[in-house]
Amino acid sequence: MDISDTQASRIVREALRATPDTFGADALAHARRCLLDYLSCAFEALPLPWSTQAAGLADPAATGAHVVGRAAPRALAQAAFANAVAGHGLVREDMHAGSVAHLGVVVWPTVLALSERHAVSGAQALAAAVVGYETGARIGRAVITRELARLFRPTGLVGPFAAAMAGARVMGLDEAQALHAFALAGNCCAGLNQWAYTGGSEMYFHPGFVVRNALACLDLARLGAQASASILEGEAGFFQAYARAPLADPIRLFADGKAEIAQVFNKPAPACNFAQTPCQAALRALGRVPKGRRITAVRIETTHAAVAYPGCASAGPFEHALQAKMSILYGVAAVLARGAIEEDNYRRLDDPEIARLVDATTLARDEAFTRAFPARQGARVALALDDGSTVQAELDDVAAAGDALIRERFRRAASQVLGAERALRIEQMVDGYEHEPDAGALARLCAAPAHHTTPGMEITTP
């Protein structure tokens, strides 16, 4: 086989040659917004158990990389692992519906860590991130199906390719090295969805595994390691292994001049992607309930993909917050009981009113919403009331978190850890990142000063 004409070689070639002229200024603006949102999640998730556990693995290293919100440099791959886990810790990370994947939590930790080791500008780091999102999204669109997503975590399957190509750009790998790194990454695709049924915390570590493995693949390729150029379409390659079918059509990056990062949305709620629109529709429906009326039954209609995704149709019992964050029924019931969409909803697993509403809820798929997915994620919530009347609300798509909400969340979370002045400096650096000569300065700015400890965020390193 001519390795210059494999699907992997074509993707690598397009990824390395892409410039802002290829994907446009809008893609860079999307990247800056996703970067700030990623940092917001990482700062806010710092005290959570999985974040402190991952940071506890990060050994001190004089010339390593920094962990968001924590003091002192750490071994590079371990720091990136910790940053990936923290960015995923709230279940509020950015979402690319077409690939059913969370690409920011694998792309940004890779880019930030490597930009501390390699002399690259903010503009180069942003371009690398756009390429990483593009790679993961295009491969994900081609391979992910409802059946596959039921078993395997899409982020774990396509994330290694996304992280490898973003990293190859930052490291300045040549085409042959990048191809081998990409092919090696294809051997690191993993992540099972059993956590959705048990509430296990392995989900939080999936992006950490992706990033740590991708960094090893990149360094191996830099040192001369070789791997199969036919990793995608080969007889025992990625598509045969996971899709159980040959690659149907060629994968092209930035097809028609469009960047996939423009299709990424930022979550308003700290919960599963598929719970977002139902929760928003529930809040609207609640606003139409006459004062004094009691909800007696709830019907939720949404996409087949949402109903079928692991954990989304769960009616409990809910022993862990993650089970509640995955459940559309719990999310809607909590909104109806509390009148808000917020993190605190998922701390009330024993709330009797939420439990009553979950028991009174029916979840069904709607054919029109299903046909519109993944371009649009619609949902309808109908509430039966104790006087025999019904109110409902419908959204044809999720209302993404806007710039104002993203900034407000970032300022609150970063200020709590580093103070308002430092938080403002980080925000300003992200806003002008393409003009920053040293991309690594952002990671250093996001770290806590030496010997700094935020209450509740102490870690013990082995």
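Visitor: What makes the radius of gyration of the protein chain agree with a compact globule?
Guide: Keep in mind that this is a predicted model. For 462 residues, a compact globule would come out near 23 Å, and the protein chain has 22 Å, so the two agree. The C-alpha atoms fill a box of roughly 70 × 55 × 40 Å along the principal axes.

Visitor: How much of the protein chain counts as buried?
Guide: Of the 462 residues, 60% do. The cut-off there is under 20% relative accessible area. As for the accessible surface, the total is about 17,700 Å², with 51% of that belonging to carbon and sulfur atoms.

Visitor: Which residues is Met171 in contact with, leaving aside neighbours within four places in sequence?
Guide: Leu114, Arg117, His118, Leu218, Asp219 and Arg222. Take Asp219: it is 48 residues from Met171 in sequence, yet 9.3 Å away in space, C-alpha to C-alpha. Across the protein chain, among contacts between residues at least 6 apart in sequence, 77% join residues at least 24 apart.

Visitor: What helices and strands does the protein chain have?
Guide: There are 21 helices and 7 strands. Four of those strands make up an open sheet with the order 5-4-6-7.

Visitor: Why do strand 5 and strand 7 stand at the edges of the sheet?
Guide: Strand 5 (361–365) and strand 7 (390–395) each have a single partner strand, so one side of each has no neighbour in the sheet. Neighbouring strands here are turned by 15° against each other on average, ignoring direction.

Visitor: What lies across strand 4 and strand 5?
Guide: Helix 17, residues 352–359, which runs at about 60° to strand 4.

Visitor: Where does the UniProt annotation "domain: MmgE/PrpD C-terminal" fall?
Guide: According to the unreviewed UniProt entry, the annotation covers residues 270–431. Over that stretch the chain is 48% helix and 16% strand, with the end C-alpha atoms 24 Å apart.

Visitor: What is His304 in contact with, once neighbours within four places in sequence are left aside?
Guide: Arg146, Arg365 and Thr370. In this model, contact means heavy atoms within 4.5 Å. The C-alpha atoms of His304 and Arg146 are separated by 8.6 Å, although the two residues are 158 apart along the chain. His304 itself is found in helix 14, residues 304–308.

Key: Residues are numbered from 1 along each chain as its sequence is written. This is a predicted model: local features need pLDDT of at least 70, side-chain atom pairs count only at pLDDT 80 or more; totals for chains, interfaces and linings use all residues. Side-chain values use heavy atoms; hydrogens and water are left out. Two strands pair if DSSP finds at least two bridges between them. Helices (H or I, at least four residues) and strands (E, at least two) are DSSP runs, numbered from the N terminus. Axes are lines fitted to C-alpha atoms, for helices over the stretch in contact, and angles run from 0 to 180 degrees between N-to-C directions. UniProt positions are given in the numbering used here, feature names are shortened, and annotations may be inferred rather than shown by experiment. The radius of gyration is taken over C-alpha atoms; the globule rule is 2.2 Å times the number of residues to the power 0.38. Buried means under 20% relative accessible area, exposed over 50%, partly exposed in between (1.4 Å probe, protein chains only). Accessible areas come from the Shrake-Rupley method with a 1.4 Å probe; for residues, only the protein chains shown count as cover.
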